[in-house]
Structures are given as C-alpha cells and as structure tokens.
Amino acid sequence: WGKIFPLVGHSSRTPWSTVHRTRGGIMAIKPLAIGWLALAAMSAALAQTPVDTPPRTEDAAPPPPAFSRDRLIPIEMPSYVTLKIGVDPETIAVGADGVVRYVVIMQNASGSTHAAYEGILCAVGDVKTYARWGASQNWVPVSEPRWRSMTDNLPSRHAFAISKQGGCDGRTSARVADIVRALRLGSKPYL
C-alpha cells in the first residue's frame, strides 16, 4: 500500500513527514489552500459590512390625487390575504427624489373600500403612508408619516408586492409608463 498511497504504510514516519518530502505533492497545494482560506475570510468579513444607504432626502409629497376604482390594476397577493388590492395607474408618479407615489385601494369581503396614498423608496426598500381614505370618503393625512421597511411585519405587505410586481426596477425607480406596463403584465419591465 505504501507505493500506491504514500500516506498509508508501515513507515515509522508520520504522514506529514512523508507529505513534506514528496515533490509537487501536497506541499505544492498548501499555498493554494492558504490563499483560499484568506479569500473566504475576506468575503465573510465583507458580507457583514453594512451597505451605505442613500440619505432619505425627499421632496414634499404632493396632495393625494383623486382616484377611481374603475381603473384599478389588481395586485397579486399571497393566498392568505383576503383583501382585493389594486393600484389606480393614473395616481402613479415618480418624483425627482426617486420616490414612487401611488394610491392603493383595498376592498374587503363585505365590499368596504379603503385607500392609502403611499410612497416607495426603491433604493432602500422602504414605504411611507402619507394619507388614508376610508369611511369618511375624504383623505385624512397621517399625522407623522415615517419610512418603514417593506419587509417589516406590517399589517399588509401590499407595498412589497407592488414594488416586486413593477413598482420598482430593482433598487431604482422606473418610469411611470414602465411601472404601469409591468403592473398590467404582472412582471418587471425588463422581463
């Protein structure tokens, strides 16, 4: 066995002493292995480095636009969501600040309708609600609107669904025409 497998045999030498004496054997692989370990350590360190997020500077949000339930583009939601959710394409706007603003309409099983005027900051994956429309049939501004992650445990994940179904083009804001087309097709503009 010692001739076929140099590390196996009846030698009094340790296997590593045999390895050190072989020419071009495992000793030649040792620097390569050290390099791979160093690369793995560096990539693990970089993976834990936080990404710089752009500052959340935002233009003043325009007042909530008028909306119509007749023009809604349905938003596909998980099967456990009982609300019917849609976006009025006439309300979609992309600001110079990169915020995609829209009116989302939600209807429950009893037919009651509510709406929200929201903005998505695609660069960081956040959503902000500016105003709500409900039983009063008027817009009620949110007293202190604030940015929240779309992936947080929010009462509804419709903003995340809107962003994935065309509201955002990756981490950037798409053009209004591309957003409307993607929402109607149920896919991203680049697919």
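Axes are lines fitted to C-alpha atoms, for helices over the stretch in contact, and angles run from 0 to 180 degrees between N-to-C directions. The model is predicted: local features require pLDDT of at least 70, side-chain atom pairs count only at pLDDT 80 or more, and totals for chains, interfaces and linings use all residues. Residues are numbered from 1 along each chain as its sequence is written, and side-chain values use heavy atoms, with hydrogens and water left out.

**Figure 1. Packing of helix H3 against helix H4.** Helix H3 (residues 158-167) and helix H4 (residues 176-185) have axes 8 Å apart and pack at an angle of about 105 degrees. This angle makes H3 roughly perpendicular to H4 (65 to 115 degrees; under 35 counts as roughly parallel, over 145 as roughly antiparallel and the rest as oblique). Ile162, Gln165, Gly166 and Gly167 of H3 make the contact with Ile179, Ala182 and Leu183 of H4, where contact means heavy atoms within 4.5 Å. These residues comprise 4 nonpolar, 3 polar and no charged; Ala, Val, Leu, Ile, Met, Phe, Trp, Tyr, Cys and Pro count as nonpolar, Asp, Glu, Lys and Arg as charged, and the others, Gly among them, as polar. Helices (H or I, at least four residues) and strands (E, at least two) are DSSP runs, numbered from the N terminus.

**Figure 2. The aromatic pair of Phe67 and Trp139.** The whole structure contains 4 aromatic pairs, defined by ring centres of Phe, Tyr and Trp (its six-membered ring) within 6.5 Å, with planes under 30 degrees apart counted as stacked, over 60 as edge-to-face and the rest as tilted. The centres of the Phe67 and Trp139 rings are 5.8 Å apart and their planes stand at 70 degrees, so the pair is edge-to-face. Because Phe67 lies in the loop between helix H2 (26-47) and strand S1 (73-74) and Trp139 in strand S7 (residues 139-141), the pair ties together parts that are 72 residues apart in sequence. Phe67 is buried, at 18% relative accessible area, whereas Trp139 is partly exposed, at 23% (buried: under 20%; exposed: over 50%; partly exposed: in between; 1.4 Å probe, protein chains only).

**Figure 3. The aromatic pair of Tyr117 and Tyr130.** This pair is tilted, with 5.4 Å from centre to centre and 45 degrees between the planes. Tyr117 belongs to strand S5 (residues 113-121) and Tyr130 to strand S6 (residues 126-133), so the pair ties together parts that are 13 residues apart in sequence. Both Tyr117 and Tyr130 are buried.
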